[in-house]
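Here are a few notes to read alongside the model. Have the sequence and the 3D view open as you go.

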Amino acid sequence: MNVVSRISPNASSSGAAAPAAAPAAVEQGVWTWPGEFPLHHGGSLPQVNIGWRLAGALDAPVVAALGGISAHRRVFDAQSAGEGWWSEAVGPGRALDSTRLRVLGIDYLGASGESTGPADGGAFPSLSSFDQAEALHGLMRHLGLQRLHAIVGASYGGMVALAFAERYPDSVGQILVLSAADRTHPMATAWRSVQRRIVQFALSTGRPAEGLQLARALAMATYRSPQEFAARFAFAPALSDGRFLFPVEQYLMARGRDYAARYMPESFLCLSESIDLHTVDASRITVPVTLVAVREDQLVPLPDMQALAGQLPRARLHEISSIFGHDAFLKEAAQLKPLFECLYGESV
């Protein structure tokens, strides 16, 4: 399977030409890996499809942008600002400027996109961040890309960037890693383990969507900071149907419902486990690495990022502060913009 669609430069939904700062185009498709796909933890997949999207300035250096486990190939959409998962930071004139770079996004293996993943109610093998890196490298060859200018990875995407840099140092110029270390912290694994048990129990009782809603609600409490919740939700609960409902509870359940409506429980189990299986040998990563750590991040503590920086042969660490904690990469575009200047060959 090799499906590719191309959208003409600057085409609007009405068919009229839309003004743009620089020539831009979008290519996207689904590519089939030739033969069996070997897995890092053993075994293989008989057939693998990889959904991809390449958007931005024509003939510009290509940067892969990878996010958390719910991210997908549509990193940004210049025609529809709300469509991309990273639209606040990526796009024309933004922190990762698509008028100066061409942005490659993928659907992760095991996720709920167009790449190969679990079927509804079906089992799926354990995946590694190295498997995602392998898929990205194969896709590069298919697209005729000898070398990526950079990989910008946040959260799980940062783990994939580190795995790629360890395995394929000659295939990427540099990596920029936000809120991801060389291995997961046991406390973060503790939270995710409980989330997975909730989903597994819900699947066994025939209530998968409810289980995923609860797991996502718990996850949201770890993504953000106590400071944000204190500022937003320090109000009295409301009495509803004979019980008290807390403001923070309403928020978490709403986020859980939204997530369960668009993501498969089986994909959540697969990629949540992949996060906790992640480990790379930092001493083997020889490409330049820019690390961005968030002081309020509960999932990737600052000391873990500092330790990673100390092990990497060519690294620089930037620390930022954000009440959004682990989600800062989604919310702090203004803080990220000067840090992203390294992608344009300029010093920070």
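**Notes on the predicted model**

1. Let's start with Asp-327: its relative accessibility is 8%, so it counts as buried, the cut-off being under 20%. Keep in mind that this is a predicted model.

2. Where does Asp-327 sit in the chain? Look in the loop between β15 (315–320) and α9 (328–331). Leaving aside residues up to four places away in sequence, Asp-327 touches Met-220, Tyr-223 and Arg-224.

3. Next, have a look at a pair of helices. Two packed helices are described by the angle between their axes and the distance between the axes. For α5 (residues 226–233) and α6 (residues 247–260), the axes come within 9 Å and cross at roughly 115 degrees. Angles of 65 to 115 degrees count as roughly perpendicular, so that is the label for α5 and α6.

4. The crossing of α5 past α6 is right-handed. Which residues make the contact? On the α5 side you'll find Phe-229, Arg-232 and Phe-233, and on the α6 side Pro-247, Val-248, Tyr-251 and Leu-252. Sorted by type, the residues of this contact come out as six nonpolar, one charged and no polar.

5. Now for the cysteines. How many disulfides does a search of the whole structure find? The count is zero. Cys-270 has a relative accessible area of 6%, so Cys-270 is buried. Cys-342 is buried as well, at 5% relative accessibility.

Notes. Residues numbered from 1 in each chain as written. Predicted model: local features only at pLDDT ≥ 70, side-chain atom pairs only at ≥ 80, totals over all residues. Heavy atoms only, no water. Axes fitted to C-alpha atoms, helices over the stretch in contact; angles between N-to-C directions. Helix = DSSP H or I, 4+ residues; strand = E, 2+ residues; numbered from the N terminus. Parallel < 35°, antiparallel > 145°, perpendicular 65-115°, else oblique. Left-handed = near helix turned anticlockwise from the far one by under 90°. Contact = heavy atoms within 4.5 Å. Nonpolar A, V, L, I, M, F, W, Y, C, P; charged D, E, K, R; others polar. Disulfide = S-S within 2.5 Å. Buried < 20%, exposed > 50% of the residue type's maximum accessible area, 1.4 Å probe, protein only.
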